[in-house]
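Have the viewer ready as you read.

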Amino acid sequence: MLINRNEYHNALLQAVECIKTAQYEALVNTNLALLHRNWKLGEIIREKSEWGNKFISSLAADIKSEFPGSTGFSARNLQYMKKFSGIFSEDEIDQYGFSRITWYHHMALMDRVKDKKQYIWYLEKTVENGWTRDILVMQINSGLFERQSVLKVQNFAGRLPDKQSELAIQTMKDPYIFDFVNMRERMVETDIEHELVNNVSKLLLELGKGFAYVGEQFLLKVRKDEFYIDLLFYNYILHCFVAVDLKTGKFVPEYAGKMNFYLSVLDDQVKSEIDNPSIGLILCKDKNRVVAEYALKDMTKPIGVSEYKLLEEIPEELQAAMPSIEDIESRVLGKYRCE
C-alpha cells in the first residue's frame, strides 16, 4: 500500500509533538515519561500499521533528522514500541509500575514472554531481586515462572507461621537448574556438593533472594554421635536456617525421616530465639510425587522435596539460549542503551 504524503506528514508531526512533550516530562520522571512516550509512539505506528515496515523506516529516519542528538528511535526500537502498545494499555504502565525497570528490560520481556501474567510476574521478580537485563533473560530461559508456579511437594502449612509458610512455598522451585555442574562418571553426592560450593555465587542465584551460604557438611553433635547436613543456608527473608540434603538418585521415604531428625537438632542447638523454625529441602534427581507426599504427611518439621537438573540434562537448545554466568558477570556493571 502506498503511503499517503499528507497523512504521513500528520503522523510525523504527531510523533515530533509526542517527543517534545516527553522531553519536558522527562525532567520530572525520566523512565516513566520514556515509557509513556514509547507507548504513544507505538500507538501512532499501530494506527498506520497498514503502511508496513517502510513507514517505520521512514519515520525512524525523519525523527533522527528532527532530533539529531537523540537516541532510541531506530526502526528496530520503534517496532518494540509498536509491540508494547499492542500488549498493554497506557493506564497499565502506571498500574503495574512499569517504570521500575528499564526499557531495555521491557525489550527482553517482549522478546521472550508471550503471556501478560508472566510478563508482570517477571517484572515484579526483576524489581524484587534487582536483576540486570541479562540475569532476567537467563531466568526466563530457565523457565523460572513454571518452576516456581508448579505445585510443590512440601508440608509447610501448619508447621510454619502462615506468612513464613507462604514465602517458603514461593521460594521453592521444581526443578532446580544447576547448569554450572558438569556430571562426571561415578559422581556421588559429595562431588556435586563440592561443585555447588565451588560455584556458590551461581548456586545462590539459583536458590533465589535472601539465601546466605553457611557451610558444607555442617556438623551436628548429639552426645558422642556426629551427623552432617550436606549444605546449610540461612535465609534472611524467611529468618530461618535452610538445610539441604542432596541425593543423586530418586527420592525414597527414608530421606524425610533423616531430614526431620536434622531439623530437630538444628532447631535445638543452632537456631536462636528470634529465628523461625528451620526448613529442610531434599533435592533428588527424580521423585515419585505421591510417595514424597506420603513421606512428608506425618513429619513434624517443615520439609520440601524437589528435583534438580545438571548441565547435561538440559536440552541443547536451552543451553545455547542461556547466557553463561561469565557473560552475565562481565556485563553486570555495564550501561545498557537502546539503539
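## Where two helices meet

In helix H3, Asn53, Ile56, Ser57, Leu59 and Ala60 touch Ala75, Leu78, Gln79 and Lys82 of H4, contact here meaning heavy atoms within 4.5 Å. These contact residues comprise five nonpolar, three polar and one charged; Ala, Val, Leu, Ile, Met, Phe, Trp, Tyr, Cys and Pro count as nonpolar, Asp, Glu, Lys and Arg as charged, and the others, Gly among them, as polar.

This is a predicted model, in which local features need pLDDT of at least 70 and side-chain atom pairs pLDDT 80 or more, while totals for chains, interfaces and linings use all residues. Residues are numbered from 1 along each chain as its sequence is written, and side-chain values use heavy atoms, without hydrogens or water.

## How the helices cross

The axes of H3 (residues 53-66) and H4 (residues 75-87) come within 9 Å and cross at roughly 120 degrees. Axes are lines fitted to C-alpha atoms, for helices over the stretch in contact, with angles from 0 to 180 degrees between N-to-C directions. H3 and H4 are therefore oblique to each other: under 35 degrees is roughly parallel, over 145 roughly antiparallel, 65 to 115 roughly perpendicular, and the rest oblique.

Antiparallel strands S3 (residues 211-222) and S4 (residues 225-235) are joined by ten bridges; pairing requires at least two DSSP bridges. Helices (H or I, at least four residues) and strands (E, at least two) are DSSP runs, numbered from the N terminus. Lysine 221 has glutamate 226 in S4 as its bridge partner. Two residues lie between the strands of this hairpin, where arginine 223 has a positive phi near 55 degrees.

S4 also pairs with S5 (residues 240-246), antiparallel over five bridges, and leucine 231 sits opposite valine 244 in S5. Four residues separate S4 and S5 in their hairpin, and histidine 239 in the turn has a positive phi of about 55 degrees.
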